[in-house]
Amino acid sequence: MNFNTDTNSSYIEKQIKSLEKLTDEDRPFTRLVFSKKFYEARSWLSEQFNVLGLSISTDEAGNLIGLLKSNNETNKVVIVGSHIDTVPSGGRYDGTAGVVSGLCLIKHIKENNIELPFNLAIYDFLGEELNEWGTSCIGSRGIAGVLNEEILLRQNSSGKILKDEINKIGGNSKLLNKPLPVVKNILACLELHIEQGKVLEERKIDIGVVKSIPSISRFKVTVSGQAGHSGTILMNQRADALVSASKIITFVNKLALKISKNSNQHFVSTIGKIDVLPNSAAIIPGLVEMTIDLRATSQKSRQEFINTLEEEISSLNNTDTCQINIEDIAFAPFVEMDKELINLFKSSSRSLGFSSNIMDSGAGHDTAQLSRVAPAAMIFIPCKDGLSHCPEEFAEVSDIAKGTAVLYKMIENLAELNVN
Ligand code: GLV
Ligand code: MN
Ligand code: MN
């Protein structure tokens with residue numbers, strides 16, 4: 001039964017529009033994990049699962065699951081879906097496109113009474129975006145068994161402990177010390193996502209078949225100086241933490257530029273979060289805390305960056321008026337997608353007449369965590385001007401529908417491969 005991209009587009013559009021309303025009103029589009037709007041979006045999603053007749057559950061890691069059970073007695077499962085949380089002032093498609101596409105896929109399967117030899121589950125992976133607890137991909141890390149006690153015990157700025165939030169939403173943090181039992185039964189995890197870059201749009205390619213997802217490292221840099229009166233302490237008497245922090249910011253940018261030029265692989269680093277204390281025009285900054293985000297496909301380049309930065313910090317500590325400390329706070333390893341699923345995504349796209357491109361992801365995704373414990377792969381669809389993590393983020397509904405058609409073809413192909 002062919003998946004009609006035209007008729008399914010209106011359903012996709014309607015669901016995207018419903019979810020975009022669930023945002024903090026004063027800063028669209030914001031739906032931070034565990035926030036009021038996030039809980040509202042979860043209720044909305046449960047209702048959509050209900051309409052589709054799916055069994056609804058929340059797993060130990062707090063992922064919301066809608067399950068379409070096969071008529072065959074089987075535990076085998078194919079997982080689709082993505083995430084419905086956003087970054088602050090983010091977009092309407094990052095994560096949402098994959099969840100809505102999963103809903104549309106299941107709607108098509110149900111409406112056409114298509115029998116599958118495996119169960120099909122749609123997941124809203126809990127808290128994919130980097131959050132106040134300094135971790136991303138809470139739910140998919142939980143599935144992979146890599147949410148350790150140190151992460152679970154972290155507190156946010158209002159003292160809320162991560163594991164308490166996971167338990168409140170329906171998880172069970174006591175059972176997160178190893179991969180969840182479901183991993184034994186996963187035949188494939190398939191995620192559709194917007195590209196968040198410009199490659200597909202510029203080359204007019206329908207589908208990006210992801211080959212790898214870079215390692216993501218985050219470091220907290222603390223610069224300690226001395227707060228004081230901005231009018232009385234003379235320029236040569238200061239230990240201005242922001243001035244010293246600016247040296248690190250410039251150094252990180254130049255170093256990443258140099259390494260990325262010398263390597264022909266994906267390599268980027270950003271300092272996008274900075275807190276200045278006490279943050280007053282009349283006070284010399286006494287303390288700066290900032291986060292370095294580092295994404296690398298080559299682990300040799302990653303190590304070169306870390307070593308050079310550590311050398312620079314230790315040299316600054318010998319000469320500067322402030323003390324600089326760097327601490328490793330998060331890491332997700334470089335992963336490659338399942339080769340058979342990559343090939344199947346390629347042939348599924350081709351059989352539908354869609355052009356495709358094998359590419360590396362620049363962003364992190366739940367699929368990266370899942371690929372540590374199960375066969376996993378993902379596809380990208382184009383997004384306008386490559387913009388993402390900002391309110392301007394936009395994807396054509398017709399492109400989401402094309403991606404959903406590819407997902408459906410994958411399900412058909414996997415069904416053929418798994419009839420027993
Ligand atoms: C996920 O959105 C990331 O930061 O790559
Ligand atoms: Mn995402
Ligand atoms: Mn994101």
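The questions below concern the metal site and the ligand shell.

Author: This is a predicted model, in which local features need pLDDT of at least 70, side-chain atom pairs count only at pLDDT 80 or more, and totals for chains, interfaces and linings use all residues. Residues are numbered from 1 along each chain as its sequence is written, chains are lettered from A and ligands numbered from 1 in the order written, and side-chain values use heavy atoms, without hydrogens and water.

Reader: Which residue coordinates both the manganese ion (ligand 3) and the manganese ion (ligand 2)?

Author: Donors are N, O and S atoms within 2.8 Å of the metal (3.2 Å for Na, K and Ca); water is not among the atoms, so sites may look incomplete. For ligand 3, Asp94, Glu129 and His389 supply the donors, at 2.1 to 2.6 Å. The two manganese ions are 3.6 Å apart, and the residue coordinating both is Asp94.

Reader: Are Asp94 and Glu129 buried or exposed?

Author: Buried means under 20% relative accessible area, exposed over 50%, and partly exposed in between (1.4 Å probe, protein chains only). By this criterion, Asp94 and Glu129 are both buried.

Reader: How much of the area that ligand 1 exposes when taken alone does the protein bury?

Author: An oxygen atom of ligand 1 lies 2.6 Å from a side-chain N or O atom of Arg295, and another pairing, at 2.7 Å, involves a backbone N or O atom of Gly364. Taken alone, ligand 1 exposes 190 Å² (Shrake-Rupley method, 1.4 Å probe). Of that area, the protein buries 90%.

How values were computed: Polar contact = N/O pair within 3.5 Å; in protein donor to acceptor, adjacent residues only side chain to side chain.
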